[in-house]
Amino acid sequence: MNTRVEEQDGKWVAFLEGEMDTAAALEAQQVLKPLYESGGRDVIIDCEKLEYIASSGLRILLGILKGAKANGSKVVLRRVNDDIRDVFKLTGFISIFDFE
């Protein structure tokens with residue numbers, strides 16, 4: 001799994017690529033750490049190249065959402081494919097995240 005975070009136009013943008021299984025989620029969590037305390041910046045998580053997400057990956061995204069909201073920031077999931085969207089539907093996360 002490849003994960004990177006960039007600052008673009010005053011927002012944090014995270015790019016997730018590959019399979020976020022349990023082992024990869026631990027590594028991704030370290031890269032995504034700045035997003036937990038967004039510092040008032042909105043967060044965009046680009047999932048265009050995300051192929052799979054395990055429950056540990058969902059917990060990471062939920063932690064980012066909680067941290068960002070506590071700082072007054074918004075979190076948006078961008079370019080989520082149908083398979084990943086189905087995981088969000090099955091877990092009920094579809095109603096707590098914003099999608100583009």
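I started with E19, which is partly exposed because its relative accessible area is 44%, between the cut-offs of 20% and 50%. The model is a predicted one, so I read every value below as computed from that prediction. I placed E19 in strand β2, which covers residues 11–20. I then looked at the charge around E19 and found a patch of negative charge on the surface, made up of E17, E19, D21 and E51.

**Entry: salt bridges**

How many salt bridges does a search of the whole structure find? I got five. I looked up several of them in turn.

I took the pair of E6 and R4 to begin with. Their side chains meet in a salt bridge, with N to O at 2.9 Å. I checked the exposure of both partners. E6 has a relative accessible area of 27% and is partly exposed. R4 is also partly exposed, at 42% relative accessibility.

Next I looked at R41 and E7. They form a salt bridge in which the closest N and O atoms are 3.3 Å apart. This pair links distant parts of the chain, as the two residues are 34 residues apart. I found R41 in the loop between α2 (33–36) and β3 (43–53), and E7 in strand β1, residues 2–8.

I then turned to D46 and R79. Their salt bridge has its closest N and O atoms 2.3 Å apart. D46 sits in strand β3 and R79 in the loop between β4 (75–78) and α4, so this bridge ties together parts that lie 33 residues apart in sequence. Is D46 buried or exposed? I have D46 down as buried, because its relative accessible area is 3% and the cut-off for buried is under 20%. R79, at 41% relative accessibility, is partly exposed. I also noted that D46, E48 and R79 are joined into one network by salt bridges that share partners.

**Entry: backbone angles**

I stayed with R79 for its backbone. Its phi is near 50°, which is a positive value in a residue other than glycine.

D9 is another residue I flagged for its backbone. Phi of D9 is near 50°, again positive and again in a residue that is not glycine. Where is D9 found? I located D9 in the loop between β1 and β2. D9 is exposed, since its relative accessible area is 81% and exposed means over 50%.

I looked up T3, which is found in strand β1. T3 counts as buried because its relative accessibility is 17%, under the 20% cut-off. Which residues does T3 touch, not counting those up to four places away in sequence? I listed F15, L16, A28, V31 and L32.

S56 lies in helix α3, which runs over residues 55–70. At 12% relative accessibility, S56 counts as buried. With neighbours within four places in sequence left aside, S56 is in contact with D21, T22 and A25. I had already met D21 as one of the residues in the patch of negative charge.

I found V87 in helix α4, residues 82–91. Its relative accessibility is 25%, so V87 counts as partly exposed. Leaving aside neighbours within four places in sequence, I recorded contacts of V87 with I53 and L58. I also took the distance from V87 to L50. They are 37 residues apart in sequence, and C-alpha to C-alpha they are 12 Å apart in space.

Methods. Residues numbered from 1 in each chain as written. Predicted model: local features only at pLDDT ≥ 70, side-chain atom pairs only at ≥ 80, totals over all residues. Heavy atoms only, no water. Patch = residues over 30% accessible without salt bridge, like charges linked within 9 Å, V, L, I, M, F, W, Y side chains within 5 Å. Areas by Shrake-Rupley, 256 points an atom, 1.4 Å probe, with all protein chains shown as cover. Salt bridge = Lys/Arg side-chain N within 4 Å of Asp/Glu carboxyl O. Lys, Arg positive; Asp, Glu negative; His and termini not counted. Charge placed at Lys NZ, Arg CZ, Asp CG, Glu CD. Helix = DSSP H or I, 4+ residues; strand = E, 2+ residues; numbered from the N terminus. Buried < 20%, exposed > 50% of the residue type's maximum accessible area, 1.4 Å probe, protein only. Contact = heavy atoms within 4.5 Å.
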